[in-house]
Amino acid sequence: MRPPRKAAISPARMAAFEILERVATTSEHSDDLLHGRRLAGLSQADRNLATALVLGVLRWQIALDARIRPLLQRPEMKLAQPIEAALRLGAFQLLHMDRIPAHAALSESVELVRGAGQAHAAGMVNAVLRALTRQTPAGKPLFETTAAVAERLGHPAWLVERWVANYGRAAAISVCEYDQKEPQIGSIFAFFDANFARLDDGSRLVAEVAAASVPGAKKIWDCCAAPGGKTVVLAARNPEAEVLATDVSPRRLKALAERVKREAPDARIRTAEADAAALPESEGLFDLILCDVPCSGTGTLARNPEIRHHLRPSDLARQAERQRALLAGSLKRLAPGGRLVYSTCSLEPEENEQVVEAVLAESPAVQRVGLEPVVTELQRSGIVDPAANLDGVLRNGTLRTLPGVGFQGDGFFAAMFTKS
């Protein structure tokens, strides 16, 4: 009698499995891997499926684990990473991808485990995924604790609890629901601009606010510029200005320079490696500075889902310390009467309002300027759709977008400063 034939593993599932392993075991980012060499040789259909599998598993990982764990003989047991990845891949397809045949999701998950040298676990993976197919979908309860909402919507409980405290329960749930979908196409800009098509609406709004804050600016500094999308907006809106775009990372700076060359070849943009907290005095002073600092990224979980699995509460204080240094350092390069826009793609007050308050307390010559007139001008000029309701994104003179809460885009914060 012939042994049962092994299922062939599709190129898309194999690629997704390998990328999920690398995300789990290294510091590599899913976006870089999905646009890297591993997917370059696949057909467009396979690239699309691999991308959907990777991002879907990362978005739903917490919820998937909550469904998988009770089906293990020993739920507390630590599984080898390849086994976890195969179980999550199979479970995601069974629970969230209607067009994937259940037998394909199940059999290929088993073969992924065998191929990864974990043949002893093949029977367990088969049994768990088969049990999952027999489960009746749970109905939504009349009331859920915050921890239950977080688990159902694939977010760490500690993070959702913060959002409930800072923005209210309804807003926190809306943010979580937004994070679980493919990023939405925005609607606040008056017309489609192919030059800025790759920018999320939240990111572009910050760039447009900065670009419009100093009409006729002659000297502009984008001080944490990579990957360069906002730099392109600044240069496009201020074609007569000299734009300095800096980043502390040589790798990211190289990617920034390539993007500028590709998307704004005629712009007056100079790139340079520099720490924004200590730009050489020889660079002089600037009329306009965009200080879009590195942050936790909790406003971008729809497009960067793995952040939720790596971020810890203690990271916020560490980020904030660096952000205060970057803001204070960049303010030293602001010309009197100029404008500096500080921004993050974080939803956390420690990285936003508290950074602004701390730097203002230490800088008597610096004042905060309300953003309402700039946003009004963007609508009057037709860059932002005059019909767009932006009342909810302006709070006490600062900008705050919440994903899925009256805004289809990433969560951003921005505040503007001037210096006497």
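Biologist: In this predicted model, why are helix α11 and helix α17 called roughly perpendicular to each other?

Modeller: The axes of α11 (residues 201-212) and α17 (residues 372-380) come within 9 Å and cross at roughly 100 degrees. Angles of 65 to 115 degrees count as roughly perpendicular, and therefore the term applies to α11 and α17.

Biologist: Which residues make the contact of α11 and α17?

Modeller: From α11 there are Leu205, Glu208, Val209 and Ala212, and from α17 there are Val374, Val375 and Leu378. By class, the contact has six nonpolar residues, no polar residues and one charged residue. Glu counts as charged, so Glu208 of α11 is the charged residue in this contact.

Biologist: What makes Asn396 count as exposed?

Modeller: The cut-off for exposed is over 50% relative accessible area. Asn396 has 71% relative accessibility, and so Asn396 counts as exposed. This residue lies in the loop between β7 (394-395) and β8 (398-400). Asn396 also has a positive phi of about 55 degrees, although it is not a glycine.

Biologist: Is Ala165 buried or exposed?

Modeller: Ala165 has a relative accessible area of 65%, which is over 50%, and therefore Ala165 is exposed. The residue belongs to helix α9 (residues 157-167). From C-alpha to C-alpha, Ala165 and Ala235 are 39 Å apart in space, and 70 residues separate them in sequence.

Biologist: Which residues have the most contacts inside the largest nonpolar core?

Modeller: They are Leu87, Leu89 and Trp163, in a core of 59 residues. Helix α4 (residues 44-68) gives the most to this core, with eleven residues. A second, separate core has 46 residues, among them Ile188, Phe189, Ala211 and Val369.

Biologist: What does Leu89 touch, not counting residues up to four places away in sequence?

Modeller: Leu89 touches Arg13, Ala16, Phe17, Leu20, Leu53, Val57, Ser109 and Leu112.

Biologist: Where is there a cis peptide bond?

Modeller: Such a bond joins Ala226 and Pro227, with omega at about 10 degrees. Pro227 lies in the loop between β1 (219-222) and α12 (229-237).

Notes
Residues numbered from 1 in each chain as written. Predicted model: local features only at pLDDT ≥ 70, side-chain atom pairs only at ≥ 80, totals over all residues. Heavy atoms only, no water. Axes fitted to C-alpha atoms, helices over the stretch in contact; angles between N-to-C directions. Helix = DSSP H or I, 4+ residues; strand = E, 2+ residues; numbered from the N terminus. Parallel < 35°, antiparallel > 145°, perpendicular 65-115°, else oblique. Contact = heavy atoms within 4.5 Å. Core = buried A, V, L, I, M, F, W, Y, C linked by side-chain atoms within 4.5 Å. Buried < 20%, exposed > 50% of the residue type's maximum accessible area, 1.4 Å probe, protein only.
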